[in-house]
Amino acid sequence: MIPIQKNNLVLEAAKNQSTDTVPVWFMRQAGRSLPEYRAIRGSGSILDTIQNPDLSAEISLQPLRRYGVDAVILYSDIVVPAYAVGFGIEVVPGRGPVVSQPFRSENDLKRLRQLEPEADTEYVVKTVQLLTKEIDVPLIGFAGAPFTVASYLIEGGPSKSYVYTKSMMRSNPKLFHQLMEKLSHLAISSLSSQIEAGASIYQLFDSWAGVLSPREYGAMVAPYSKAIFEALRKYNVPSIHFGVGTSNLLEIMADSGCSTLGIDDRIGLDQAYARTNGKVGLQGNLDPVNILIGTDTTIAESARVLEESAVCDGYIFNLGHGVLPESNPDTLAAVVDFVHQYGTDIRRQARNRAQDK
Ligand code: CP3
């Protein structure tokens with residue numbers, strides 16, 4: 001029997017090792033931009049779809065089939081652990097997570113018991129098992145970082161100003177810390193179960209951490225994310241730490257114990273590299289809006305991103321944030337082919353330049 005050739009480019013790059021071919025996947029690659037997703041998703045809550053392992057596995061595989069990306073990401077959501085312990089959270093299409101009774105007082109701590117993944121989120125474990133049996137690329141597990149999940153629980157839904165979250169951080173830091181502690185445990189339990197079921201890499205999404213100053217982020221948020229990377233170190237799998245608008249937090253985020261840092265499109269990869277001293281691999285950072293502008297613009301911008309990435313050792317091409325629902329899948333397919341070709345050229349040139357020196 002010929003052994004199946006595993007494509008481990010994402011794992012190598014995420015360990016901050018240089019690869020000949022630049023690997024690529026897209027945040028939110030599975031989802032509403034794909035007609036095949038819209039065809040099978042139905043109209044109920046996304047949380048119902050997530051609880052069906054056959055359907056979730058199929059949705060996770062759709063971008064692999066269509067684009068030939070170098071990794072599959074589990075189809076789930078960052079609010080699943082809080083939902084599974086009965087906190088009372090829904091995901092409203094077109095809006096995002098919504099909580100009818102937001103977290104505002106000490107009494108609310110009782111609504112967050114420990115997660116028992118085998119019982120509470122057996123469907124996630126099953127989906128991971130189904131997927132890892134089938135794919136020859138890494139499966140990316142994920143969790144929401146405590147701050148980003150806390151912001152939904154405290155605000156009650158998506159927010160622009162984070163008034164309630166910042167207010168709790170400053171007027172009742174004890175309660176905020178207790179909440180962060182509980183949410184760290186949820187993330188650790190959920191990620192452990194995904195890794196034990198077969199995920200070979202994970203991403204911690206702290207999407208909204210960029211609303212904080214480095215001082216407040218460093219004192220009140222970073223220790224919890226750090227504790228998550230520390231608790232999962234025993235699995236020896238690479239990890240990606242990602243946030244939006246976090247250009248001012250990169251040094252602290254790179255210090256969290258992650259092996260790769262996800263970069264959004266508000267800073268050049270070359271600058272991000274300089275700021276983090278090559279200590280971690282980098283992932284990113286094509287502005288997802290390019291996909292809506294058209295293929296020519298997208299390819300030109302992808303070329304620039306690849307050129308800026310040449311300084312990195314480990315590098316994974318991605319968007320600066322998730323695929324927008326209005327994206328044309330053909331443009332994303334063109335990006336994957338382009339990254340595999342031009343990325344290889346750029347890496348070869350960088351190696352030759354280094355040897356000439
Ligand atoms: O990336 C992937 O393809 C994997 C699946 C995934 C989803 N959500 C599926 C989803 C991942 C990794 C997430 C993470 C997530 N969810 C984040 C962090 C990443 C980020 O975007 O910053 C956040 C903040 C959430 C919370 C959330 N869930 C939002 C803001 C929304 C969008 C609301 C909307 O409908 O526009 C969701 C819903 C959601 N999560 C969808 C998908 C495919 C779309 C809902 C649907 O199909 O009905």
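**Helix packing and overall fold**

Tutor: Happy to! The crossing of α4 and α7 is right-handed, where right-handed means that the near helix is turned clockwise from the far one by less than a right angle, and left-handed means anticlockwise. Helices here are DSSP runs of H or I with at least four residues, strands are E runs of at least two, and both are numbered from the N terminus.

Student: Which residues of α4 and α7 make the contact?

Tutor: Pro53, Asp54, Ser56, Ala57, Ser60 and Leu61 of α4 meet Tyr123, Lys126, Thr127, Leu130, Leu131 and Glu134 of α7; contact means heavy atoms within 4.5 Å.

Student: Before I go on, where do these coordinates come from?

Tutor: This is a predicted model, where local features need pLDDT of at least 70, side-chain atom pairs count only at pLDDT 80 or more, and totals for chains, interfaces and linings use all residues. Residues are numbered from 1 along each chain as its sequence is written, and side-chain values use heavy atoms, leaving out hydrogens and water.

Student: New topic: is Ser189 buried or exposed?

Tutor: Ser189 is buried, at 17% relative accessible area (buried is under 20%, exposed over 50%, partly exposed in between, with a 1.4 Å probe and protein chains only). Its place is in helix α10, residues 173–197.

Student: What does Ser189 touch?

Tutor: Leu115 and Pro117, not counting residues up to four places away in sequence.

Student: And how many helices and strands are in the chain?

Tutor: The protein chain has 17 helices and nine strands. Buried residues make up 57% of its 357 residues.
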